Amino acid sequence: MAATHWTADLLDRMRRAGDPLGDAAIAETYQLGQQDQVRQTLLGFGRNSEAVPAGLPPKLQQYFEETAVLPPWADRAKMARGHQLLGRYQPLIASILLCGSLPLCYTCGNGAEVLVRSQRLTSGVYRRLAETSQFVVDVLDNDGLGPTGRGLRSAQKVRLLHATMRYHVSQLGDWDADALGVPVNQEDLAGTLMSFSVLIPLGLASLGVDLLPEDRDAYFHIWRVAGHVLGVDEQLNPAEFNDGSALKDAIIGHQQRPSEAGRVLTKGVLDFIREVLPVPPGAGPTLIRRLIGDKSADVVDVPPADSLTQLGLSAAALPSFGYGKTGDTLPPVAELASRLGLLIFKEGLLLTNKGRRREWQVPTGLTDSTP
(Lines give C-alpha, C1' and ligand atoms only; values in the text may rest on other atoms or scores of the structure.)
Protein backbone atom coordinates (compact mmCIF):
# COMPACT_ATOMS: atom_id res chain seq x y z
CA MET A 1 0.00 0.00 0.00
CA ALA A 2 1.30 3.45 -0.86
CA ALA A 3 2.53 5.49 2.09
CA THR A 4 0.00 8.24 1.36
CA HIS A 5 -2.80 5.78 2.17
CA TRP A 6 -1.77 5.42 5.84
CA THR A 7 -4.27 8.01 6.94
CA ALA A 8 -5.58 8.63 10.43
CA ASP A 9 -8.88 7.11 9.29
CA LEU A 10 -7.20 3.86 8.26
CA LEU A 11 -5.16 3.68 11.45
CA ASP A 12 -8.30 4.34 13.51
CA ARG A 13 -9.99 1.40 11.77
CA MET A 14 -6.95 -0.79 12.36
CA ARG A 15 -7.17 -0.02 16.08
CA ARG A 16 -10.55 -1.71 16.08
CA ALA A 17 -9.22 -4.87 14.41
CA GLY A 18 -7.72 -7.89 16.14
CA ASP A 19 -6.76 -11.29 14.72
CA PRO A 20 -9.80 -13.48 13.99
CA LEU A 21 -7.79 -16.68 13.43
CA GLY A 22 -5.69 -16.43 16.58
CA ASP A 23 -8.55 -15.06 18.67
CA ALA A 24 -10.85 -17.95 17.69
CA ALA A 25 -8.18 -20.51 18.61
CA ILE A 26 -7.59 -19.00 22.06
CA ALA A 27 -11.30 -18.47 22.77
CA GLU A 28 -12.06 -22.12 21.99
CA THR A 29 -9.13 -23.27 24.13
CA TYR A 30 -10.51 -21.41 27.15
CA GLN A 31 -14.10 -22.40 26.45
CA LEU A 32 -13.00 -26.05 26.52
CA GLY A 33 -10.95 -25.45 29.67
CA GLN A 34 -7.86 -26.85 27.94
CA GLN A 35 -5.45 -23.95 28.47
CA ASP A 36 -3.17 -25.85 30.86
CA GLN A 37 -3.20 -28.94 28.66
CA VAL A 38 -2.36 -26.84 25.60
CA ARG A 39 0.49 -25.14 27.40
CA GLN A 40 2.05 -28.46 28.32
CA THR A 41 1.50 -29.89 24.85
CA LEU A 42 3.30 -26.98 23.21
CA LEU A 43 6.33 -27.11 25.50
CA GLY A 44 9.33 -28.09 23.41
CA PHE A 45 7.41 -27.60 20.18
CA GLY A 46 9.97 -25.25 18.71
CA ARG A 47 11.44 -26.37 15.41
CA ASN A 48 9.72 -25.39 12.18
CA SER A 49 10.05 -28.92 10.81
CA GLU A 50 8.24 -30.56 13.73
CA ALA A 51 4.72 -31.83 13.16
CA VAL A 52 1.93 -30.07 15.02
CA PRO A 53 1.27 -32.02 18.25
CA ALA A 54 -1.83 -34.18 18.32
CA GLY A 55 -4.70 -33.53 20.68
CA LEU A 56 -4.97 -29.76 20.34
CA PRO A 57 -8.42 -28.11 20.18
CA PRO A 58 -9.68 -28.09 16.57
CA LYS A 59 -9.32 -24.37 15.96
CA LEU A 60 -5.84 -24.32 17.45
CA GLN A 61 -4.86 -27.23 15.22
CA GLN A 62 -6.21 -25.30 12.25
CA TYR A 63 -4.35 -22.19 13.38
CA PHE A 64 -0.95 -23.93 13.43
CA GLU A 65 -1.52 -25.55 10.06
CA GLU A 66 -2.69 -22.38 8.29
CA THR A 67 -0.08 -20.02 9.72
CA ALA A 68 2.81 -22.39 8.92
CA VAL A 69 2.47 -21.64 5.20
CA LEU A 70 4.72 -18.78 4.10
CA PRO A 71 3.20 -16.29 1.64
CA PRO A 72 3.83 -16.85 -2.08
CA TRP A 73 5.86 -13.63 -2.26
CA ALA A 74 8.40 -14.84 0.33
CA ASP A 75 11.84 -14.70 -1.33
CA ARG A 76 14.12 -17.32 0.23
CA ALA A 77 17.24 -15.96 -1.48
CA LYS A 78 16.56 -12.51 -0.11
CA MET A 79 15.89 -13.92 3.37
CA ALA A 80 19.15 -15.87 3.25
CA ARG A 81 21.00 -12.63 2.61
CA GLY A 82 19.20 -10.89 5.45
CA HIS A 83 20.04 -13.66 7.90
CA GLN A 84 23.73 -12.87 7.52
CA LEU A 85 23.25 -9.56 9.33
CA LEU A 86 22.58 -11.23 12.66
CA GLY A 87 26.00 -12.82 12.81
CA ARG A 88 27.63 -9.62 11.64
CA TYR A 89 25.90 -7.16 13.95
CA GLN A 90 24.29 -9.25 16.71
CA PRO A 91 25.47 -7.12 19.67
CA LEU A 92 24.38 -3.87 18.03
CA ILE A 93 21.01 -5.33 17.03
CA ALA A 94 20.44 -6.41 20.64
CA SER A 95 21.23 -2.91 21.90
CA ILE A 96 18.95 -1.28 19.35
CA LEU A 97 16.16 -3.66 20.32
CA LEU A 98 16.54 -2.82 24.01
CA CYS A 99 17.29 0.90 23.76
CA GLY A 100 15.44 1.75 20.55
CA SER A 101 12.64 -0.58 19.54
CA LEU A 102 11.10 -1.11 22.97
CA PRO A 103 11.25 2.52 24.23
CA LEU A 104 9.84 3.84 20.96
CA CYS A 105 6.91 1.44 21.24
CA TYR A 106 6.31 2.67 24.81
CA THR A 107 5.91 6.24 23.56
CA CYS A 108 2.62 5.13 21.98
CA GLY A 109 0.37 5.71 24.97
CA ASN A 110 -2.62 3.58 23.99
CA GLY A 111 -0.51 0.55 23.15
CA ALA A 112 1.49 0.90 26.37
CA GLU A 113 -1.73 0.58 28.37
CA VAL A 114 -2.28 -3.04 27.35
CA LEU A 115 1.31 -3.97 28.20
CA VAL A 116 0.94 -2.59 31.71
CA ARG A 117 -2.33 -4.41 32.21
CA SER A 118 -0.81 -7.67 31.05
CA GLN A 119 1.91 -7.26 33.72
CA ARG A 120 4.29 -9.32 31.59
CA LEU A 121 6.59 -6.32 31.31
CA THR A 122 6.07 -4.56 34.61
CA SER A 123 6.32 -7.60 36.88
CA GLY A 124 8.76 -9.59 34.77
CA VAL A 125 11.02 -7.21 32.85
CA TYR A 126 13.96 -9.60 33.06
CA ARG A 127 12.01 -12.46 31.55
CA ARG A 128 10.16 -10.43 28.93
CA LEU A 129 13.31 -8.83 27.57
CA ALA A 130 14.94 -12.23 27.33
CA GLU A 131 11.89 -13.62 25.52
CA THR A 132 11.85 -10.74 23.04
CA SER A 133 15.56 -11.12 22.36
CA GLN A 134 15.11 -14.86 21.84
CA PHE A 135 12.27 -14.23 19.39
CA VAL A 136 14.39 -11.82 17.36
CA VAL A 137 17.25 -14.33 17.30
CA ASP A 138 14.91 -17.13 16.22
CA VAL A 139 13.56 -15.07 13.31
CA LEU A 140 16.91 -13.67 12.18
CA ASP A 141 19.01 -16.79 12.69
CA ASN A 142 20.11 -18.80 9.66
CA ASP A 143 17.01 -20.26 7.98
CA GLY A 144 14.96 -18.86 10.86
CA LEU A 145 11.70 -19.08 8.91
CA GLY A 146 12.76 -22.13 6.92
CA PRO A 147 12.62 -25.87 7.63
CA THR A 148 15.68 -26.03 9.89
CA GLY A 149 14.93 -22.93 11.94
CA ARG A 150 12.79 -21.96 14.91
CA GLY A 151 11.46 -18.55 13.88
CA LEU A 152 8.21 -19.80 12.37
CA ARG A 153 7.15 -21.64 15.52
CA SER A 154 8.27 -18.73 17.69
CA ALA A 155 6.18 -16.31 15.61
CA GLN A 156 3.16 -18.62 15.85
CA LYS A 157 3.48 -18.72 19.64
CA VAL A 158 3.94 -14.94 19.89
CA ARG A 159 0.76 -14.51 17.86
CA LEU A 160 -1.07 -16.73 20.33
CA LEU A 161 0.40 -14.68 23.18
CA HIS A 162 -1.14 -11.59 21.61
CA ALA A 163 -4.50 -13.37 21.32
CA THR A 164 -4.26 -14.42 24.97
CA MET A 165 -3.60 -10.81 26.00
CA ARG A 166 -6.62 -9.65 23.99
CA TYR A 167 -8.77 -12.36 25.57
CA HIS A 168 -7.87 -11.48 29.16
CA VAL A 169 -7.55 -7.69 28.92
CA SER A 170 -10.96 -7.47 27.27
CA GLN A 171 -12.45 -9.21 30.30
CA LEU A 172 -10.80 -7.06 32.99
CA GLY A 173 -13.68 -4.60 33.02
CA ASP A 174 -11.50 -1.47 32.88
CA TRP A 175 -10.56 -1.50 29.22
CA ASP A 176 -12.10 1.35 27.20
CA ALA A 177 -12.12 -0.05 23.68
CA ASP A 178 -13.68 3.12 22.27
CA ALA A 179 -10.77 5.23 23.49
CA LEU A 180 -7.90 2.72 23.32
CA GLY A 181 -8.94 0.33 20.58
CA VAL A 182 -8.89 -3.47 20.68
CA PRO A 183 -6.09 -4.72 22.93
CA VAL A 184 -3.00 -5.58 20.83
CA ASN A 185 -4.77 -4.30 17.73
CA GLN A 186 -3.50 -4.17 14.16
CA GLU A 187 -2.01 -0.69 14.47
CA ASP A 188 -0.05 -1.74 17.56
CA LEU A 189 1.09 -4.93 15.84
CA ALA A 190 2.28 -2.99 12.79
CA GLY A 191 4.04 -0.41 14.94
CA THR A 192 5.89 -3.16 16.79
CA LEU A 193 6.81 -4.86 13.52
CA MET A 194 8.22 -1.60 12.13
CA SER A 195 10.22 -1.13 15.32
CA PHE A 196 12.06 -4.30 14.33
CA SER A 197 12.15 -4.06 10.53
CA VAL A 198 12.74 -0.31 10.17
CA LEU A 199 14.17 0.98 13.43
CA ILE A 200 16.99 -1.56 13.65
CA PRO A 201 18.51 -0.58 10.24
CA LEU A 202 18.01 3.09 11.12
CA GLY A 203 19.61 2.45 14.49
CA LEU A 204 22.60 0.79 12.87
CA ALA A 205 23.01 3.87 10.67
CA SER A 206 22.91 6.15 13.73
CA LEU A 207 25.69 4.05 15.24
CA GLY A 208 27.86 4.41 12.17
CA VAL A 209 26.88 1.25 10.27
CA ASP A 210 25.38 2.09 6.89
CA LEU A 211 24.01 -1.11 5.42
CA LEU A 212 24.11 -1.72 1.71
CA PRO A 213 20.60 -1.09 0.32
CA GLU A 214 20.43 -4.76 -0.70
CA ASP A 215 21.25 -5.88 2.85
CA ARG A 216 18.76 -3.46 4.39
CA ASP A 217 16.01 -4.59 2.00
CA ALA A 218 16.78 -8.26 2.64
CA TYR A 219 16.55 -7.67 6.39
CA PHE A 220 13.26 -5.81 5.96
CA HIS A 221 11.90 -8.65 3.84
CA ILE A 222 12.53 -11.19 6.61
CA TRP A 223 10.39 -9.13 8.96
CA ARG A 224 7.71 -8.65 6.32
CA VAL A 225 7.41 -12.45 6.10
CA ALA A 226 7.43 -12.68 9.90
CA GLY A 227 4.67 -10.04 10.00
CA HIS A 228 2.55 -12.25 7.74
CA VAL A 229 2.99 -15.18 10.16
CA LEU A 230 2.22 -12.87 13.09
CA GLY A 231 -1.11 -11.95 11.52
CA VAL A 232 -0.36 -8.33 10.65
CA ASP A 233 -2.96 -7.02 8.21
CA GLU A 234 -1.51 -6.79 4.69
CA GLN A 235 -2.55 -3.12 4.56
CA LEU A 236 -0.01 -2.49 7.34
CA ASN A 237 2.74 -4.82 6.14
CA PRO A 238 4.45 -2.90 3.32
CA ALA A 239 6.78 -4.49 0.79
CA GLU A 240 9.45 -1.77 0.67
CA PHE A 241 11.69 -0.34 3.39
CA ASN A 242 10.92 3.30 2.58
CA ASP A 243 7.19 2.61 2.82
CA GLY A 244 7.80 0.84 6.13
CA SER A 245 9.67 3.90 7.39
CA ALA A 246 6.76 6.10 6.34
CA LEU A 247 4.32 3.77 8.12
CA LYS A 248 6.42 3.92 11.30
CA ASP A 249 6.29 7.71 11.19
CA ALA A 250 2.53 7.67 10.56
CA ILE A 251 1.88 5.41 13.55
CA ILE A 252 4.15 7.47 15.80
CA GLY A 253 2.37 10.63 14.69
CA HIS A 254 -1.00 8.99 15.33
CA GLN A 255 -0.28 7.41 18.71
CA GLN A 256 2.68 9.02 20.45
CA ARG A 257 1.73 10.72 23.70
CA PRO A 258 2.97 10.83 27.30
CA SER A 259 1.45 8.17 29.55
CA GLU A 260 2.13 6.70 32.94
CA ALA A 261 2.12 3.27 31.32
CA GLY A 262 4.87 4.29 28.90
CA ARG A 263 6.95 5.80 31.69
CA VAL A 264 6.64 2.66 33.83
CA LEU A 265 7.64 0.38 30.95
CA THR A 266 10.62 2.54 30.00
CA LYS A 267 11.76 2.71 33.62
CA GLY A 268 11.80 -1.09 33.59
CA VAL A 269 14.23 -1.04 30.66
CA LEU A 270 16.45 1.57 32.34
CA ASP A 271 16.44 -0.36 35.61
CA PHE A 272 17.38 -3.55 33.78
CA ILE A 273 20.36 -1.86 32.12
CA ARG A 274 21.53 -0.17 35.33
CA GLU A 275 21.05 -3.09 37.71
CA VAL A 276 21.89 -6.10 35.56
CA LEU A 277 24.34 -5.08 32.86
CA PRO A 278 27.83 -3.93 33.94
CA VAL A 279 28.06 -0.84 31.72
CA PRO A 280 28.95 2.77 32.59
CA PRO A 281 26.37 4.87 34.47
CA GLY A 282 24.15 6.72 32.07
CA ALA A 283 24.57 4.16 29.31
CA GLY A 284 20.83 3.50 29.03
CA PRO A 285 19.67 7.11 28.64
CA THR A 286 22.55 7.89 26.28
CA LEU A 287 21.73 5.06 23.92
CA ILE A 288 17.96 5.54 24.07
CA ARG A 289 18.25 9.22 23.19
CA ARG A 290 20.70 8.44 20.41
CA LEU A 291 18.40 5.82 18.88
CA ILE A 292 14.92 7.33 19.21
CA GLY A 293 15.72 11.04 19.49
CA ASP A 294 15.21 13.53 22.27
CA LYS A 295 11.58 14.26 21.40
CA SER A 296 10.48 10.65 21.76
CA ALA A 297 12.75 10.08 24.78
CA ASP A 298 11.14 13.05 26.55
CA VAL A 299 7.70 11.49 26.05
CA VAL A 300 8.68 8.59 28.34
CA ASP A 301 10.86 10.66 30.73
CA VAL A 302 14.24 9.26 29.78
CA PRO A 303 16.93 11.12 31.81
CA PRO A 304 19.36 13.38 29.96
CA ALA A 305 22.20 11.70 28.10
CA ASP A 306 25.65 11.85 29.64
CA SER A 307 28.44 13.26 27.55
CA LEU A 308 31.01 10.77 26.33
CA THR A 309 33.48 12.45 28.68
CA GLN A 310 31.20 11.81 31.66
CA LEU A 311 30.76 8.20 30.60
CA GLY A 312 34.51 7.83 30.38
CA LEU A 313 34.22 6.39 26.91
CA SER A 314 36.63 6.48 24.03
CA ALA A 315 37.20 4.27 21.05
CA ALA A 316 40.42 3.09 22.67
CA ALA A 317 38.90 2.51 26.09
CA LEU A 318 36.19 0.09 25.02
CA PRO A 319 37.10 -2.87 22.84
CA SER A 320 34.70 -4.13 20.20
CA PHE A 321 32.71 -6.93 21.82
CA GLY A 322 31.56 -9.25 19.05
CA TYR A 323 31.41 -6.63 16.32
CA GLY A 324 32.15 -8.68 13.28
CA LYS A 325 32.54 -6.65 10.08
CA THR A 326 36.20 -6.30 9.23
CA GLY A 327 37.22 -2.79 8.27
CA ASP A 328 34.37 -0.92 9.97
CA THR A 329 35.26 1.60 12.62
CA LEU A 330 32.99 2.29 15.58
CA PRO A 331 32.41 5.68 17.16
CA PRO A 332 32.39 5.60 20.97
CA VAL A 333 28.59 5.34 21.31
CA ALA A 334 28.60 2.38 18.94
CA GLU A 335 31.35 0.77 21.03
CA LEU A 336 29.09 1.15 24.04
CA ALA A 337 26.15 -0.33 22.14
CA SER A 338 28.27 -3.27 21.02
CA ARG A 339 29.41 -3.94 24.57
CA LEU A 340 25.91 -3.66 26.01
CA GLY A 341 24.46 -5.86 23.27
CA LEU A 342 26.81 -8.72 23.95
CA LEU A 343 25.99 -8.49 27.64
CA ILE A 344 22.28 -8.68 26.84
CA PHE A 345 22.82 -12.06 25.22
CA LYS A 346 25.10 -13.30 27.95
CA GLU A 347 23.07 -12.01 30.88
CA GLY A 348 19.58 -11.89 29.39
CA LEU A 349 19.40 -15.02 27.26
CA LEU A 350 21.70 -17.38 29.12
CA LEU A 351 22.15 -16.45 32.77
CA THR A 352 18.47 -15.63 33.28
CA ASN A 353 17.52 -19.05 31.95
CA LYS A 354 20.33 -21.13 33.51
CA GLY A 355 22.20 -21.43 30.24
CA ARG A 356 19.29 -22.82 28.21
CA ARG A 357 17.52 -21.17 25.29
CA ARG A 358 14.32 -19.49 26.39
CA GLU A 359 11.26 -21.23 24.99
CA TRP A 360 8.20 -19.22 24.08
CA GLN A 361 5.18 -20.44 26.00
CA VAL A 362 1.55 -19.52 25.61
CA PRO A 363 0.48 -18.17 29.02
CA THR A 364 -2.56 -19.45 30.84
CA GLY A 365 -3.14 -16.02 32.34
CA LEU A 366 -1.80 -12.49 32.21
CA THR A 367 0.28 -12.77 35.39
CA ASP A 368 1.65 -16.20 34.59
CA SER A 369 5.20 -16.55 35.88
CA THR A 370 6.08 -20.12 35.03
CA PRO A 371 9.66 -20.15 33.69
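**Salt bridges and aromatic pairs**

With a relative accessibility of 49%, Asp-9 counts as partly exposed in this predicted model. Its salt-bridge partner is Arg-13, with the closest N and O atoms 3.4 Å apart. Arg-13 is likewise classed as partly exposed, at 38% relative accessibility. Both residues belong to helix α1 (residues 8-14), where a spacing of 4 residues sets them about one turn of the helix apart.

This pair belongs to a set of 16 salt bridges found across the whole structure. Another joins the side chains of Arg-166 and Asp-23, at 2.8 Å from N to O. Here the link spans distant parts of the chain, since Arg-166 sits in helix α8 (residues 151-169) and Asp-23 in helix α2 (residues 20-31), 143 residues apart. Arg-166 is buried, at 4% relative accessible area, whereas Asp-23 is partly exposed at 24%. Both take part in a network of salt bridges that also includes Asp-19 and Arg-159.

Turning to the rings, the structure contains 7 aromatic pairs. In one of them, Tyr-63 and Phe-64 have ring centres 5.2 Å apart and planes at 75 degrees, so the arrangement is edge-to-face. Phe-196 and Trp-223 make a tilted pair, because their planes stand at 40 degrees, with centres 5.0 Å apart. Phe-196 lies in helix α10 (residues 186-197) and Trp-223 in helix α12 (residues 213-229), so the contact ties together parts 27 residues apart in sequence. Phe-196 and Trp-223 are both buried. Finally, Arg-224 lies over the face of Trp-73, 3.7 Å from the ring centre.

How values were computed: Residues are numbered from 1 along each chain as its sequence is written. This is a predicted model: local features need pLDDT of at least 70, side-chain atom pairs count only at pLDDT 80 or more; totals for chains, interfaces and linings use all residues. Side-chain values use heavy atoms; hydrogens and water are left out. Rings of Phe, Tyr and Trp (its six-membered ring) pair if their centres lie within 6.5 Å; planes under 30 degrees apart count as stacked, over 60 as edge-to-face and the rest as tilted. Helices (H or I, at least four residues) and strands (E, at least two) are DSSP runs, numbered from the N terminus. Buried means under 20% relative accessible area, exposed over 50%, partly exposed in between (1.4 Å probe, protein chains only). A charge sits over a ring if NZ of Lys or CZ of Arg is within 6 Å of the ring centre and within 35 degrees of the ring normal. A salt bridge is a side-chain nitrogen of Lys or Arg within 4 Å of a carboxyl oxygen of Asp or Glu.
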